[in-house]
Amino acid sequence: MTEESKNLQESAVYSKAGYAFLIFITDYYKRANEFGLNIDEIMIVHVVAAQYTYKLNKKKSRTFEELKKISPEDIKKSFHGSKLSILSVAEILGQPKESVRRRIQKLIDFQLLSKDTNGGIILNENYQKVLEQLSTGTNKTFAKLVNDLNDMGALQLLLNGRES
């Protein structure tokens, strides 16, 4: 096999992998939209959830079932001493502070987020419901993506760091 034909085969694999990934992202966007949230709002929730899971994982990794059963009080306790500000979220996402502030207020109104006594942004009670519904679909479509990538041979190429 010549180097040129090897590159052509890899290129075809990558276009198929790219398509599979785009389908995954599109499906995720559609499911997030079903909650009345746009992708920017979902990304803000993800930033706050990432802070939460980072702190959880420092203590102990959890199963999906364990995450679903964590009480709102325990969520608030886990954010103790961590002040995730509107500015921090804006910088992480590369978005204007005022836009992030408005989106966070909407998410507070939806009871997905709240502010703690120090003014930090934390997860709120409705997050558990969204987590369960959105994660179940995401887990299924992510598994399909990984299986598709594996079946087409792209997963091994990605794991080996082959980017072009």
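Q: How many helices and strands are there in the protein?
A: The protein has 8 helices and 2 strands. Please note that this is a predicted model.

Q: And what pattern do they follow along the sequence?
A: Read along the sequence, the pattern is α-α-α-α-α-α-β-β-α-α.

Q: Let's look at α5 and α6. Which residues do they span?
A: Helix α5 covers residues 86–93, and helix α6 covers residues 97–109. The two pack with their axes 9 Å apart, at an angle of about 115°.

Q: So what is α5 relative to α6, roughly parallel or roughly perpendicular?
A: The angle makes α5 roughly perpendicular to α6, because angles of 65 to 115 degrees count as roughly perpendicular.

Q: Is the crossing left-handed or right-handed?
A: α5 passes α6 in a right-handed crossing.

Q: Which residues make the contact?
A: From α5, the contact is made by Ile-86, Leu-87, Val-89 and Ala-90. From α6, Lys-97, Val-100, Arg-101 and Ile-104 take part.

Q: How many of those are nonpolar, polar or charged?
A: The residues of this contact divide into 6 nonpolar and 2 charged, with no polar ones.

Q: Changing topic: what share of the protein is buried?
A: Of the 164 residues in the protein, 34% are buried.

Q: What about the accessible surface?
A: The accessible surface of the protein is about 10300 Å², and carbon and sulfur atoms account for 54% of that area.

Q: Last one: what percentage of contacts with a separation of 6 or more join residues 24 or more positions apart?
A: Such residue pairs account for 66% of those contacts in the protein.

Conventions: Residues are numbered from 1 along each chain as its sequence is written. This is a predicted model: local features need pLDDT of at least 70, side-chain atom pairs count only at pLDDT 80 or more; totals for chains, interfaces and linings use all residues. Side-chain values use heavy atoms; hydrogens and water are left out. Axes are lines fitted to C-alpha atoms, for helices over the stretch in contact, and angles run from 0 to 180 degrees between N-to-C directions. Helices (H or I, at least four residues) and strands (E, at least two) are DSSP runs, numbered from the N terminus. Angles under 35 degrees count as roughly parallel, over 145 as roughly antiparallel, 65 to 115 as roughly perpendicular and the rest as oblique. A crossing is left-handed if the near helix is turned anticlockwise from the far one by less than a right angle, and right-handed if clockwise. Contact means heavy atoms within 4.5 Å. Ala, Val, Leu, Ile, Met, Phe, Trp, Tyr, Cys and Pro count as nonpolar, Asp, Glu, Lys and Arg as charged, and the others, Gly among them, as polar. Buried means under 20% relative accessible area, exposed over 50%, partly exposed in between (1.4 Å probe, protein chains only). Accessible areas come from the Shrake-Rupley method with a 1.4 Å probe; for residues, only the protein chains shown count as cover.
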